[in-house]
Amino acid sequence: MTVYAVTGALLVALGLYGLIAARGLLRRVVAFNVVGSGVFLMFGALGWYEGHTDPVPQALIITGIVVALSASALAVGLVVAHARVSGGQVLEDDAP
Amino acid sequence: MTPLIALLALPLAGALMAVAVPHRGARIAGVVVVASAGALIMLVAQWGIPHAAPGGWGAPLGIMLEADGLALAFMAMVLAVMAGVCATAAPMRELPTPFWPLALLAWAALNAIFVSRDLFNLYVGLELLTLAAVALVATGGDKALAAALRYLIFALTGSILYLAGVVLVYSAHGVLDVSLLAATLPAPTDRVAMGLMTAGLLIKTALFPFHVWLPPAHAAAPAPASAMLSALVPKASFVILLRLWFEAMPDAADDRLLTALAVLGALAVGHGGIMALRQTRLKQIIAYSTVAQIGYLFLVFPLAGGDGAAQPWAAGAWTGAVFQALSHGLAKAAMFLCAGLWIIAVGSDRLEDLRGLARGLPMTAMAFALAAITLMGLPPSGGFTAKYLMMTTAFASGQVVWALVLAGGGLLAAAYLYRPMGALFAREIPAFTPVPRYLQAVPLVLALLAVGMGVLSDGLYAFLQLGRPGTAEEGL
Amino acid sequence: MAVFDLALCTLILLAALAAVAGPGLFRAVVFFVVYGVLIALAWVRLGAPDVALAEAAIGAGLTGVLLLGAVGRLSRAGADEPLTSRIDWPVALAAGLVGAMLVWAVLSLAPGPGLAPAVAEILPQTGVENPVTAVLLNLRAWDTLLESVVLLAALIGLWPLARGGAWQAAAGPVHHALPDGVLAGFGRLLPPVALLVGVYLVWAGAYQPGGAFQGGTVLAAAGVLCVMAGLVRAPGMAAPLWRLALVAGPGLFLALGVAGMAFGGFLLFPTALAKGMILAIEMVLTLSIAVTLALMVLGPPEGGGAQ
Amino acid sequence: MSTWLAVLAVGLLGSLAAALWRVWHGPGQADRMMAAQLVGTAGVGLLLILWAMGERAALDVALVLALLAALAAVGFVKASSVDGAGDPEEEAPDPSMIKGRRHDP
Amino acid sequence: MTLDLLRLLLTIALTGAGLVFYVAGTLGLLRFPDTFSRLHALTKADNLGLGLLALGLAFQAPGWAEVAKLALIWLLALLAAGTVAQLVARAALGRGAR
């Protein structure tokens with residue numbers, strides 16, 4: 001099951017790239033979810049031992065999925081509201 | 001119910017009630033403040049290290065909670081700030097109703113983080129804090145949306161990196177408890193795990209160069225929310241950093257890495273100070289000042305970590321950093337609350353609009369001045385004690401360069417705080433809307449507490465040593 | 001099955017690549033929905049059906065509605081995604097470095113049973129037979145209590161975004177559909193089944209994969225469908241009963257946790273009562289999770305709709 | 001038996017991969033959405049096979065997936081209606097819209 | 001003994017037929033020229049595919065509860081595919097897609 005753990009690690013890298021480099025805000029939300037599921041996949045695959053996965057990581061992953069979903073919902077709400085106000089879905093580089 | 005559990009359950013229950021009965025939010029928060037104060041006094045009076053094992057399992061199967069001196073001191077600071085925030089926010093009509101449950105949730109998250117000994121539980125606490133904090137920024141209305149989004153993206157990046165590190169820790173050691181981790185043999189993946197967790201927490205703490213989200217977010221939120229965000233929120237991730245580096249995995253420390261952290265801290269002091277000098281709005285100045293003040297905290301790593309951890313002066317540096325975090329919290333909350341009152345009084349936080357306001361609202365000007373003394377690190381404030389402790393360590397351990405950072409940062413702080421002070425005490429008669437005296441007193445109390453920390457530093461110093469990692473006897 | 005695992009992982013990576021870096025926001029979001037299905041398969045392969053259930057319910061169901069709805073709203077606001085085709089090399093390098101470190105770490109970690117034997121040993125004292133539910137609702141109940149509050153925090157965070165500050169108004173836009181149309185018919189047929197499945201998942205979660213969160217998600221999906229099919233009006237926070245539904249789960253959880261102090265500690269469920277207490281918490285928590293998730297997916301109140 | 005199931009699983013995964021190809025190539029949004037629906041159905045089929053291979057709980061996962069597979073598509077048709085909250089069936093017979101179209105150049 | 005063999009053969013035959021329909025549906029999805037014919041091929045084929053697969057595997061089910069679940073899964077998939085096909089087709093029509 002190492003292949004799943006490696007896949008998880010690669011998903012983290014891929015998602016991180018999107019989270020930081022993408023300009024479209026909804027795209028970054030998607031990328032964040034990819035990083036999250038990559039971390040979870042790594043966690044689960046590393047807890048796999050002789051046909052079963054350690055229940056502690058499983059429980060933590062479920063908690064993590066809920067947390068990630070909550071964050072995504074808030075992020076989507078902010079992205080839509082921001083688009084309604086500014087007419088765009090990018091952040092201007094207002095920080096000096 | 002033990003006082004420790006009460007401190008966790010009260011803000012949580014308050015938040016739930018504030019959702020169920022939204023128009024009573026302020027009153028509920030008031031009750032939580034009073035009850036928490038009672039619980040906290042009981043805890044401090046015990047003068048020990050109370051702990052709890054929810055579910056009765058204990059580590060590694062369950063989660064351990066422990067209120068050592070560090071946790072209690074931070075919870076006390078949070079309580080003081082929250083009391084101030086609630087007092088000033090209660091009469092503010094323009095605050096949206098969701099402010100109250102969000103503020104209480106952030107409070108619950110802070111307390112949960114300070115007492116938690118479990119790396120994953122810390123993650124859940126951090127996320128609760130993040131979502132509540134971002135939502136608090138968003139209560140600032142349409143103009144705050146971009147700042148809230150930027151904050152959220154940075155914070156989510158930080159927490160997911162932290163979580164990746166936690167995953168590696170569990171996979172290598174099979175435990176998540178800080179104390180149990182300290183007792184395990186180091187694993188080759190620990191470096192990567194610590195690197196990821198630290199990077200994530202640095203983003204959350206807004207250390208230079210990950211600070212770009214902080215000034216817009218803290219300046220855009222309504223003033224009571226800003227006070228919480230600037231004074232409290234970055235402290236949570238800093239406390240986790242302390243727990244990681246000084247308690248869970250002190251062996252992973254590497255001198256170069258610790259120095260790198262302090263270099264970033266020094267850059268933050270410089271950059272934050274210079275940027276604060278260039279702002280024209282008070283809230284921006286205060287927000288950039290937070291960037292600079294956070295920088296000091298990271299000097300603790302080379303001063304007390306690595307080889308330094310074995311030295312007698314480690315206690316001084318570690319305690320100094322904690323003093324800095326606590327006194328900055330109180331002073332910064334006082335400043336933001338002042339800014340909020342001045343916005344009520346003159347409708348703006350532009351420095352030119354604040355000219356002469358010290359005549360109109362003398363107590364707030366006094367509070368701002370006292371808070372400024374703390375941020376500059378002048379005696380007899382808590383900021384002075386912090387800098388004194390860190391400086392003596394810097395000299396004792398031969399790391400004079402960090403002493404220069406401390407001194408230079410103090411000068412910069414004096415420079416950027418001189419401008420708002422100059423405006424406030426200008427000889428002009430401003431036109432302003434009066435603000436009730438009891439509201440003016442709130443930031444003054446907070447600022448006095450920040451100064452009082454310095455005056456009464458002996459007792460606090462002794463208290464912080466409760467459960468301090470690798471306790472050393474060396475005192476002031 | 002090694003071929004299968006390898007092929008599945010390849011598809012997962014391709015879908016993720018398309019979702020993160022592929023051109024076109026709509027396509028990216030559809031790929032992300034598909035990605036959820038693939039990840040659910042991976043969890044089943046990893047012997048983690050509890051996680052697979054959660055992922056199937058969220059990744060393939062709710063997240064799709066959430067993101068596709070957002071794509072529609074963004075394009076109506078005229079907020080199109082900026083076109084970028086060039087690769088940001090410094091970021092790619094940093095992300096690649098993190099990935100390489102993780103791959104190295106993953107390969108150098110030796111697999112072990114972790115805490116599984118320890119959990120199995122005390123499982124009879126927890127009041128449930130499914131070890132994952134035991135960890136979630138008993139061993140690490142404090143995490144789960146906080147997590148249920150995280151969900152609530154995200155929902156409250158949406159309230160300041162309500163149009164015109166009317167956060168107590170009905171969630172989302174005002175949905176409507178042809179009363180006798182296909183959508184309305186679907187909205188009538190599916191929710192009763194979803195209700196059964198949701199309750200089954202919670203009830204069965206004590207001894208087999210499932211639980212409050214998975215059940216709550218399915219119920220939330222049923223609720224969202226009812227609203228989108230124009231059959232019922234979205235709930236609003238002006239009604240005390242709905243606000244109560246939001247806090248009932250975490251509230252009961254906290255109350256029973258504090259009540260546990262009478263038995264010797266916070267969140268302590270004595271073995272004899274554990275089963276009943278955990279089931280009670282799960283039932284009410286499911287309701288709260290369902291209402292919270294449904295409101296989150298419907299979005300902050302948008303007033304009377306665009307018509 | 002298990003060999004046969006493995007062959008089936010790989011075959012179904014191939015079908016799923018082809019659906020991914022259609023999600024990529026579109027060309028219309030409807031094509032992508034329908035292909036995603038096929039991925040869901042193939043996923044359900046794969047879960048059934050994994051169940052037959054001995055993963056008992058896969059059946060419940062398949063149930064949930066089959067139950068919620070249509071939700072994303074419903075979200076899509078809602079989002080692509082005129083006001084983002086309607087129904088494609090309502091819109092076709094709406095006389096005002098048809099009138100509006102007649103005046104289009 | 002022979003009953004088990006018969007069940008095995010039925011499973012293999014039906015699931016094999018199911019796979020053929022899946023593949024046929026997929027080919028339709030890949031090769032048909034326009035959205036609507038693709039849509040049509042798809043729903044017909046993959047529903048039959050899933051149905052045959054479920055039916056074939058039902059012969060391996062340990063009890064009736066599992067058989068009932070298999071049937072429910074198939075019915076849900078049918079309902080979903082039918083609804084989605086109609087709605088998506090209408091949405092595509094309304095927008096004047098090909």
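**Note on chains B, C, D and E**

1. Pro380(B) sits in the loop between α17 (362-376) and α18 (382-396) of chain B. The model is predicted. The peptide bond that leads from Pro379(B) into Pro380(B) is cis. Omega there is near 5 degrees.

2. Chain B has another cis peptide bond to report, from Ala59(B) to Pro60(B). Its omega is near 5 degrees. Where is Pro60(B) found? Pro60(B) belongs to the loop between β1 (51-52) and β2 (65-66) of chain B.

3. Trp47(B) has a positive phi, near 50 degrees, and is not a glycine. The residue is in the loop between α2 (25-46) and β1 of chain B. Is Trp47(B) buried or exposed? Trp47(B) has 11 C-beta neighbours inside 10 Å, so it counts as exposed. The cut-off for exposed is 12 or fewer.

4. Ala206(B) also needs a look. Phi of Ala206(B) is positive, about 65 degrees, and the residue is not a glycine. Ala206(B) lies in the loop between α8 (190-205) and α9 (214-220) of chain B. Here the count is 31 C-beta neighbours inside 10 Å, so Ala206(B) counts as buried. The cut-off for buried is 20 or more.

5. Now the contact between chains C and D. On the chain C side, 57 residues are in contact with 45 residues of chain D. Elements of chain C that give two or more residues to this side are α1 (2-21), α2 (25-45), α3 (49-76), α8 (182-204) and α9 (212-228). Which element gives the most? That is α3(C), with 15 residues. By class, the side of chain C that touches chain D has 42 nonpolar residues, twelve polar and three charged.

6. Chain E is built from three helices and zero strands. The order from the N terminus is α-α-α. Why is chain E described as more spread out than a compact globule? Its radius of gyration is 17 Å, while the globule rule gives 13 Å for 98 residues; the value is well over the rule, so chain E is more spread out than a compact globule. The C-alpha trace of chain E spans about 60 × 25 × 10 Å along its principal axes.

7. Two further values describe chain E. Of its 98 residues, 46% count as buried. Among contacts in chain E between residues at least 6 apart in sequence, 65% join residues at least 24 apart.

Technical notes. Residues are numbered from 1 along each chain as its sequence is written. Chains are lettered from A and ligands numbered from 1 in the order in which they are written. This is a predicted model: local features need pLDDT of at least 70, side-chain atom pairs count only at pLDDT 80 or more; totals for chains, interfaces and linings use all residues. Two residues are in contact if their C-beta atoms, placed from the backbone, lie within 7 Å. Helices (H or I, at least four residues) and strands (E, at least two) are DSSP runs, numbered from the N terminus. Ala, Val, Leu, Ile, Met, Phe, Trp, Tyr, Cys and Pro count as nonpolar, Asp, Glu, Lys and Arg as charged, and the others, Gly among them, as polar. The radius of gyration is taken over C-alpha atoms; the globule rule is 2.2 Å times the number of residues to the power 0.38.
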